[in-house]
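Morning, everyone. I'll take you through ring pairs, charges over rings, and helix packing. Please have the model open.

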Amino acid sequence: MPSSVFQWLSLLGIIWLQSINGTNFNFPSYSSQLKHHLSISQFQLNNLAFASDAGKLFACVSGLAANYLPLWSLLIIGSCLGLVGYGVQYLFITNQFHSPSYCLIFFLTVLAGNSICWINTVCYIVAIRNFPSNRQVAVGISTSYQGLSAKIYTDIVGLIFTKRSDKTAETFLLSNSVFPLGVCVLVCPMARIVELVEEKGNLGVGFFVIFVITIATGVFAVVTSVGSISRMLSPLSGLVGILVFLLLPVVVPVVESVKKSVREGKERRVYHSTMEEDTRIRPENEAKLNRDGGDDAMEEIGAREMVTRVNFWLYVGVYFFGATLGLAFLNNLGQIAESRGSESVSSLVSLSSSFGFFGRLMPSLLDHFLSRRKMMKSKPGWMVGLMGAMCGGFFFLLSGPTDLILCVSTAVIAVCTGAITSISVSTTSELFGANNFSINHNVVVANIPFGSFLFGYMAAYLYRKQATGGAGKCIGVECYRTTFMIWGCLCSFGTLLALLLFARTRSFYSTTKSQMAHGST
């Protein structure tokens, strides 16, 4: 089979992996039930949300393992960690074991959170190594599907227990433990590094087709997440629709395989002329790869040198007060919706998942079409705009208690969080190089558990201050008003850090842009 076909199959594989890898995004859907099952306080529930993100503290282990182990083994290790982390919790919730200690539940949640890092590491490596000239596009497309995870799992749970809302937590934990393992086993043969010389035109057509399919997938997810429409459709129809859209990208490798077969038949008839042409063109293609190809980096350094750079700390600060803060909001979305009297928590989580999908995809769309015009926009510059929009989302929540305001703000924050998460992958390789990416980026995202704990603890503390009655429940807009105000101010500070990072890296991106323009002449 031609290597270019394996190239597209590898992208298809990581799309499927990411679509089931966002198990931590399901937490808001069943957090209230989990709190009831375990008889824990809001602070303890917040600590479990932190525990899920705390798994990223050990993400460097997967990065180091990637230097010594085959990629398929990383998938098996990651999925098995998730099977144990979520599976044992499921056994506790269903009373297969009695009286689990809170410390054990906390440890299992950390284990489950770490499983995500192993699968992410494989997806990033495959996207960057197999598509060096289009790494932002490949990474953005694949990671955007992680934003659909909550939507997919919500549809699965709705299909299994349509009329048993009391079984929500159990079903989510079971799904989180089983489905990633099954998909990882299926995708193992496709998760591989492909050695080939890229053909820019063919990639452009393939990416265009996948973009169309991906956008259609997101539109379907958003439409079926809207309250009135989601109530009209059965869970089965929603799930079948998403699965069909997930299978559609297989069209690209199939067509590529047919084209290669036809081309090889022609090449056999003109063997000698083709060999001469190939000898002449290959150096040009390799030079084009080096020019467009992904070796453009501000500097090529490892983690030890990276943490001594001012740009690293500015970058981490932007991520901390941007994507991490947005994730903290999404982790608390179930409690926020409940406090504002919203009865459609699952629909709201699906909505945030769907808009997060578009947020992760948006940078790839821009990068793809700008690169075709030999333009390279500053990633920190993009972050400035996204951070500003996220600030507006937090402050808009202060304007009233209606469901419309909550939905609009959730959509804005989800889009910005997803976009910053997607942009950060290529930003890490552009600022600090691609050779040590697997370790460097895991160092960057290690800020997530600290932010999750800090922001979540603050929200829980302010929630508890507003709570009335013995149950410790708070109902009303005031429950999170102060929290949203503080988060909006912190996000504004993050916007300032993004401006500083943009100013410090502007010359690098301007130089790269001029090189691309010169290369096109």
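A search of the whole structure turns up 26 aromatic pairs. For a pair, rings of Phe, Tyr and Trp (its six-membered ring) must have centres within 6.5 Å; planes under 30 degrees apart are stacked, over 60 edge-to-face, and the rest tilted. Take Trp 8 and Phe 131: the ring centres are 5.6 Å apart and the planes stand at 55°, so this pair is tilted. It links distant parts of the chain, 123 residues apart. Trp 8 is in helix H1 (residues 3-21). Phe 131 is in the loop between helix H6 (102-130) and helix H7 (135-144). Helices here are DSSP runs (H or I, at least four residues), numbered from the N terminus. Trp 8 and Phe 131 are both buried, where buried means under 20% relative accessible area, exposed over 50%, and partly exposed in between (1.4 Å probe, protein chains only).

A word on the source. This is a predicted model: local features need pLDDT of at least 70, side-chain atom pairs count only at pLDDT 80 or more, and totals for chains, interfaces and linings use all residues. Residues are numbered from 1 along each chain as its sequence is written, and side-chain values use heavy atoms, with hydrogens and water left out.

Next pair: Phe 329 and Phe 484. They are tilted too, 6.2 Å centre to centre, with 55° between the planes. Phe 329 lies in helix H16 (residues 310-331) and Phe 484 in helix H23 (residues 478-519), so the pair ties together parts 155 residues apart in sequence. Phe 329 has 0% relative accessibility and counts as buried. Phe 484 is buried as well, at 1%. Which cluster do these rings belong to? Ring pairs link Phe 329, Phe 394, Tyr 463, Tyr 480, Phe 484 and Trp 487.

Now charges over rings. The rule: NZ of Lys or CZ of Arg within 6 Å of the ring centre and within 35 degrees of the ring normal. The charged end of Arg 192 sits over the ring of Phe 6, 4.1 Å from its centre. Lys 379 lies over the face of Trp 382, 5.2 Å from the ring centre.

On to helix packing. Two packed helices are described by the angle and the distance between their axes. Axes are lines fitted to C-alpha atoms, for helices over the stretch in contact, and angles run from 0 to 180 degrees between N-to-C directions. Helix H5 (residues 71-93) packs on H6 at about 155°, with the axes 8 Å apart. H5 and H6 are therefore roughly antiparallel. On that scale, under 35 degrees is roughly parallel, over 145 roughly antiparallel, 65 to 115 roughly perpendicular, and the rest oblique.

Compare H2 (residues 27-38) and H3 (residues 42-54): their axes come within 10 Å and cross at roughly 135°. These two are therefore oblique to each other. Which residues of H2 make the contact? Phe 27, Ser 31, Leu 34, Lys 35 and Leu 38 do, against Gln 42, Leu 45, Leu 48 and Ala 49 of H3. Contact means heavy atoms within 4.5 Å.

Asn 120 is in helix H6, and at 12% relative accessibility Asn 120 counts as buried. Leaving out residues up to four places away in sequence, Asn 120 touches Gln 18, Asn 21 and Gln 146. Asn 120 and Gly 22 are 98 residues apart in sequence, yet 9.8 Å apart in space, C-alpha to C-alpha. How many residues of H7 are buried? The count is 10 of its 10, including Arg 135 and Gln 136.
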